[in-house]
Amino acid sequence: MSQTDTAPAAATAAAGADRSLTIRHLDKEYVRGKAVLRDINLTIDGRGLTAIIGPSGTGKSTLIRCINRLVEPSGGEIVFMGQDLAKLRGAALRAARRRIGMVFQEYNLVERLSVMENLLCGRLGYVPVWRAWLRRFPQADIDAAFALLDAVGLGDFATRRADALSGGQRQRVGIARALMQQPDLLLADEPTSSLDPKTSVEIMELMARLTGARDIPVVVNIHNVELARRFATRVIGMTGGRVVFDGPPAALEPRHLTEIYGGEDWL
Amino acid sequence: MSAAAGARRRAFAPDWTGRVVVAAIALYTLYAFSALDFSAQRFATGLGEGARLIGRMLPPNFARWPLLVEGLIESLQIAILASALGILASLPLGLLAARNLMPGWVAVPTRFFIAFCRSFHPVIVAILFVKAIGFGALAGVAALIVASMGFIAKLFAEAIEEISPKPLEAVRASGAPFAAVVIFAVMPQVMSRFVGFALYQLDSNLRNSTMVGLVGAGGIGGTLDAAFKRFDYDFVSAILIAIIAMIFIGEILSGWVRRAFQ
């Protein structure tokens with residue numbers, strides 16, 4: 001895609017690198033003695049879409065936020081591209097974060113900024129602050145933003161304010177913003193939970209297609225088991241802060257769902 | 001359910017604290033009236049005196065208009081300078097005092113400093129500056145800068161504390177440095193409120209700038225004070241009318257600016 005052509009150095013460097021993610025002995029407790037995540041061990045390949053399913057409050061969001069350190073892990077390692085993310089601070093943490101895109105449940109756009117400005121937020125880790133302030137972004141970034149807007153079907157919306165968009169449109173902007181970072185990993189925290197069923201499928205399709213074309217590995221938290229089955233290459237089931245299922249979507253059977261969500265009545 | 005028939009259940013708890021407080025306030029008001037020697041007779045005399053004063057104020061005398069214009073222009077300059085510099089200083093102060101962006105060891109001392117700026121009435125600050133740096137407009141500007149910082153830095157900080165954390169989280173997650181987070185995720189959320197606060201402060205500085213002159217800190221207040229002391233009540237009324245006109249014009253202008261920033 002034209003988007004990768006615009007920053008050839010970064011793209012080739014990233015393509016050559018190993019984008020797999022290794023989590024070892026990850027623990028998290030917000031309140032001492034009440035563990036949300038207990039000894040999580042996972043290796044996620046540098047490609048494909050990994051869906052994490054599980055009931056609310058089981059630590060899916062915490063797990064995904066520990067990876068880019070929006071939440072501080074209490075213990076363990078998160079190794080990505082040769083670095084233990086759990087130990088990074090300051091500039092090194094910011095440098096690692098800009099290689100990790102994130103899509104949020106409630107889109108988390110800056111409402112009063114235009115769609116274009118929201119997309120360019122994805123470049124703030126790369127562009128000097130004074131240039132960002134004066135909106136003097138490199139032309140390559142602006143070209144990449146327009147290309148991504150076309151790719152998510154919002155080509156005519158560049159100058160609209162984000163608060164004028166519908167939920168589905170906002171999430172498209174959210175995906176485009178994350179991809180503006182030229183990420184080596186995309187995290188998505190319940191990207192479809194605020195959307196209607198049809199839009200949910202469209203958003204998952206879009207995310208799978210755009211990341212597939214760029215060969216970016218995706219880790220997505222999702223409530224909806226059907227969506228997970230349909231789009232994931234691997235499903236991880238969590239309950240009570242532990243991984244209880246890990247395998248291809250085809251291997252996910254009713255007994256696993258019973259174990260993950262408890263009870264049977266809802267099936 | 002199990003309550004006896006006929007016994008109604010209480011829907012609202014009786015507020016005994018509230019009742020006691022209201023009764024105490026009413027009693028104190030009665031006491032204060034008696035202590036201050038307010039009587040109908042005193043009020044009637046006062047009304048008569050007031051009528052005599054108004055009689056002497058009319059018609060307003062604009063004969064010494066150059067003095068009037070000179071004072072007004074100085075007041076206007078004090079107000080605009082103090083607002084511009086005060087608002088400029090309040091932006092970083094407000095940011096440093098916002099507890100959702102700054103650690104406690106930065107926010108708490110900044111809040112103390114802001115509260116310190118606000119603890120005296122502008123007139124007291126003006127007296128201090130007149131004693132410290134001498135009579136004239138400089139003392140007035142300095143006094144109103146302090147007052148502006150004490151007031152809008154606090155409002156700025158509170159506006160920043162009320163923003164949605166979600167865009168902040170997203171911009172942070174993209175690896176943006178702190179300054180970029182402020183410019184892209186904080187400022188867009190608070191800008192229109194900041195403009196409102198700044199205009200409000202300009203408005204109150206306009207009024208305060210007419211007053212600091214009473215203590216020798218420059219502006220129309222000095223002219224007004226002199227006219228009072230010489231019993232030139234017709235000139236006093238001319239000055240008051242001029243001040244009212246200035247405040248009204250300021251109101252109209254700030255309305256325009258506010259609309260432009262909506």
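Q: Which residues of H8(A) are buried?

A: Buried means under 20% relative accessible area, with exposed over 50% and partly exposed in between (1.4 Å probe, protein chains only). In H8(A) the buried residues are Gly168(A), Arg170(A), Gln171(A), Arg172(A), Val173(A), Gly174(A), Ile175(A), Ala176(A), Arg177(A), Ala178(A), Leu179(A) and Met180(A), that is, 12 of its 14 residues. This is a predicted model, in which local features need pLDDT of at least 70 and side-chain atom pairs count only at pLDDT 80 or more, while totals for chains, interfaces and linings use all residues. Residues are numbered from 1 along each chain as its sequence is written, chains are lettered from A and ligands numbered from 1 in the order in which they are written, and side-chain values use heavy atoms, leaving out hydrogens and water.

Q: Where is Ser148(B) placed, and is Ser148(B) buried or exposed?

A: Ser148(B) lies in helix H6 (residues 137–161) of chain B, helices being DSSP runs of H or I with at least four residues, numbered from the N terminus. With a relative accessible area of 0%, Ser148(B) is buried.

Q: What does the side chain of Ser148(B) reach?

A: A polar contact is a pair of N or O atoms within 3.5 Å; within protein, one must be able to donate a hydrogen and the other to accept it, and residues adjacent in sequence count only if both atoms are side-chain atoms. The side chain of Ser148(B) reaches the backbone oxygen of Leu144(B) at 2.7 Å, and it makes a polar contact with the side chain of Gln201(B) at 3.3 Å.

How values were computed
Helix = DSSP H or I, 4+ residues; strand = E, 2+ residues; numbered from the N terminus.
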